[in-house]
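Q: Could you show me how to read the pockets and overall form of a protein model?

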Amino acid sequence: MARTGRPKGTNNKDIICSMRMDSATKERLEQYCKKMNVVKSEALRHAIDLLAQENTDN
C-alpha cells in the first residue's frame, strides 16, 4: 500500500531544535515575524545564515 501524505522534498527540515529565551526576546521575535510575515523557524534560520555570513566576512 502506498504511503499517504506530503511527498518528501529535496531540502527536508527533519531536525528539531528547541531553545530557551526570555520574554523580551520572545516578544521581539514575534514582532519581527508579524512585521515580515514569516514564521519563527524561518526567521531563526535567516538569523543563523546572517551570523554565519558575518563570521566568514571577517
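A: Gladly! This is a predicted model, where local features need pLDDT of at least 70, side-chain atom pairs count only at pLDDT 80 or more, and totals for chains, interfaces and linings use all residues. Residues are numbered from 1 along each chain as its sequence is written, and side-chain values use heavy atoms, with hydrogens and water left out.

Q: How many helices and strands are in the chain?

A: Helices (H or I, at least four residues) and strands (E, at least two) are DSSP runs, numbered from the N terminus. The chain has two helices and zero strands. Its radius of gyration is 16 Å, well over the 10 Å that the globule rule gives for 58 residues, so the chain is more spread out than a compact globule. That radius is taken over C-alpha atoms, and the rule is 2.2 Å times the number of residues to the power 0.38.

Q: What is the volume of the largest pocket, and which residues line it?

A: Rolling a probe the size of a water molecule over the atoms shows where empty space is left. On a 1 Å grid over the protein atoms alone, a pocket is an open set of points where a 1.4 Å probe fits, with protein on both sides within 12 Å along at least five of seven lines; lining residues have an atom within 4 Å of a point. Here the volume is about 320 Å³, and the lining includes Lys13, Cys17 and Arg45.

Q: And what is the volume of the second largest pocket?

A: About 250 Å³. Helix 1 (23-36) and helix 2 (40-57) each give two or more residues to the lining of the second largest pocket, with Tyr32 and His46 among the residues there.

Key:
Points joined across faces, edges and corners; volume = space filled by probe spheres on them.
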